[in-house]
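Work through the exercises below with the structure open. Each task is followed by a stepwise solution.

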Amino acid sequence: METVKIKTEVNPKKTKLKISGAEAIIHCLLAEGVDLLYGYPGGAIMPVYDELYKFQDKLTHILTRHEQGATHAAQGYARVSGRVGVAMATSGPGATNLVTGLADAQIDSTPLVCITGQVTRHLLGSDAFQETDIIGISTPVTKWNYQITEAAEIPEIMAKAFYIAKSGRPGPVLIDITKNAQIDEFDFSYEKCTAVRSYNPIPKPDVQAIEAAAQLINNAKKPLIVWGQGVILGKAEEELKALIEKSGVPAAWTIMGTSALDSEHPLNVGMVGMHGNYAPNVLTNECDVLIAIGMRFDDRVTGSLDTYAKQAKVIHFEIDKAEINKNVHADVAVLGNSKDTLGLLLPMIKENKHEAWHGKFKEMYKVEFDQVVNNDIHPTKEGLTMGEVIEQINVESGQKAVIVTDVGQHQMIGCRYAKFKQSRSNITSGGLGTMGFALPAAIGAKMGAMEREVVAIIGDGGYQMTIQELGVIFQHKVPVKIVVLNNDHLGMVRQWQELFFDRRYASTVMVNPDFVKIAEGYSIEAKRVSTREDLKVAIKEMIASKDAYFLEVKVEKEDNVFPMIPSGASVSEVRLK
């Protein structure tokens, strides 16, 4: 495979020394500032692990209990810290077990570098033991991948991997390294990559496009901002806040954009999407200018594209040209990093308040509060609801916790009701919807921000997909808090079966083990609650604990998540019950 030429920044302290490819990999990681990685050893990657053993004082390796857990932990670490997450595995099944995490990171724009071992070069293509074409398998789910077959390629390719993973719109990179390349020696030197030929990660902003956007915003009577994770990835939180406050435009968020703006900011009008808030969903189809910032018009946000915001002029601020006009036509497209483009836009925006328009959001929120929200967080029925659990966590954590959600009903409830005062506080599997994501991602998130409280909110179904990662918490004493909302069902599928399949609960009933005993088997303090009084005490105790804590909450079996836009329906067709 031909090496792609790259431009590099010269390191004046660069020196050459003859070392093995395996040791070179460790030096590359250290040169990129990596001090923590997740993985699982095996035959084809053993030379690298042998070198890793010698560098334990500089580079911490966390042994996950499954390679998928390594990728999700690296994702959690990357999402909360803003750094590149690193995972490592052996060839064959070790490599293929990374694929779900790679796909998750690709669609959610998470910077990862995954390193896999491979059989010796002369065995490639021979169906050798634990050989698989991980380059072919991972191509659709990585930003870039490459197979190294010679030791001398390692520095250049590793430098390029980190640059591509973190630049522009971030994403996962996989580097596959044959065993001979790990063993052979070469003259090592390392230069960080600063550019790649024909790769333009951050488009230069078009001032004329920004002026056109400003004119539309200034003349709008019913403008609406919808922001996504691009604001967080671009570190544009302050620019977003300044734009909202100066323009007076109501602002809503996608799941991945959650926490970029204080949840209780007066111009924050809630979440859009299938289980988003009533007002921003319905009024998307009434606004006259829709300002999309760092979001990709996912189908869960738009519902039926045939009816989505057809009355509005659409302004799309986006770093990735491929997203422009992919799903929704943009009347004005502004390419570039959101921090740069919003910074250029701000001086052109006139001050406004849009009080009458805000009044409509407030009226509709009252309808949603009376019919949905109040029943979710202040229920009158005997059984516990998922919403009141999240609300109690808000109270005890002071809205400062990092909330890591799995996938299902609890995810939607968590994203709807968790309150945040700090960016990079909501970590979830957005685009891929990976059950089993939360437990390892919470471990990674805690290791990426040890000073912050990290609470994983998980359903009883998804929890059992990666429950073995409790072993990481046990071995490495990771003080993460785990809340399993147990309704003895695959809750989201059950909700659809109730609403659209005449309550035929096909294969959604869960016969669960004793989760408390399992947690205690890993020496994790554990408790089970089923009453309101016990819930408040347990959450207070959990947040106050300095160690890992497991809390199982028995919740209502038919506690559905509303509002809800049925699949394929218009955003205007929101169901409140």
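The coordinates come from a predicted model.

**Exercise 1. Into which domains is the chain divided, and how far apart are the C-alpha centres of domain 2 and domain 3?**

Solution. 
- Step 1: take the bounds. Domain 1 covers 6-196, domain 2 covers 207-361 and domain 3 covers 378-554.
- Step 2: take the centres. Those of domain 2 and domain 3, computed on C-alpha atoms, are 31 Å apart.
- Step 3: count the contact residues. Domain 2 supplies 19 residues and domain 3 supplies 19 residues.

**Exercise 2. Describe the area buried between domain 2 and domain 3.**

Solution. 
- Step 1: Interface size is often quoted as the accessible area lost when the parts come together.
- Step 2: apply it. About 1500 Å² is buried between domain 2 and domain 3. Carbon and sulfur atoms carry 55% of that area.
- Step 3: find the main contributors in domain 2. Ile255, Ser259 and His275 lose the most area to domain 3. Together they make up 35% of what the domain 2 side buries.

**Exercise 3. Characterise the packing of helix α11 on helix α14.**

Solution. 
- Step 1: A packed helix pair is described by the angle between the axes and the distance between them.
- Step 2: read them off. Helix α11 spans residues 237-247 and helix α14 spans residues 338-345. Their axes are 9 Å apart, at an angle of about 30°.
- Step 3: classify. Angles under 35 degrees count as roughly parallel, so α11 and α14 are roughly parallel to each other.
- Step 4: assign the hand. α11 passes α14 in a left-handed crossing.
- Step 5: list the contacts. Glu239, Leu240 and Leu243 of α11 meet Lys339, Leu342, Gly343 and Leu345 of α14. By class, this contact has four nonpolar, one polar and two charged residues.

**Exercise 4. Are α16 and α17 parallel or oblique to each other?**

Solution. 
- Step 1: get the geometry. The axes of helix α16 (residues 386-397) and helix α17 (residues 409-417) come within 9 Å and cross at roughly 45°.
- Step 2: classify. The pair α16 and α17 is therefore oblique.
- Step 3: assign the hand. The crossing of α16 past α17 is right-handed.
- Step 4: list the contacts. From α16 come Met386, Gly387, Ile390 and Asn394; they meet Gln409, His410, Ile413, Gly414 and Tyr417 of α17. The classes are four nonpolar, five polar and no charged residues.

**Exercise 5. Which residues of α1 and α7 meet, and how do they divide by class?**

Solution. 
- Step 1: place the helices. Helix α1 (residues 21-31) and helix α7 (residues 154-166) pack at about 35°, with axes 10 Å apart. Their crossing is right-handed.
- Step 2: pair the residues. Gly21, Ala24, Ile25, Cys28 and Leu29 in α1 meet Ile154, Pro155, Met158 and Phe162 in α7.
- Step 3: sort them. The contact of α1 with α7 has eight nonpolar, one polar and no charged residues.

**Exercise 6. Where is Gln130 placed, and what is its phi?**

Solution. 
- Step 1: recall the background. Most residues other than glycine have a negative phi.
- Step 2: check the angle. Gln130 is not a glycine, yet its phi is positive, about 60°.
- Step 3: locate it. Gln130 sits in the loop between β6 (112-118) and α6 (134-138).

Note on methods:
Residues numbered from 1 in each chain as written. Predicted model: local features only at pLDDT ≥ 70, side-chain atom pairs only at ≥ 80, totals over all residues. Heavy atoms only, no water. Axes fitted to C-alpha atoms, helices over the stretch in contact; angles between N-to-C directions. Helix = DSSP H or I, 4+ residues; strand = E, 2+ residues; numbered from the N terminus. Parallel < 35°, antiparallel > 145°, perpendicular 65-115°, else oblique. Left-handed = near helix turned anticlockwise from the far one by under 90°. Contact = heavy atoms within 4.5 Å. Nonpolar A, V, L, I, M, F, W, Y, C, P; charged D, E, K, R; others polar. Domains from an automatic or database assignment. Buried area = accessible area lost by both parts, 1.4 Å probe.
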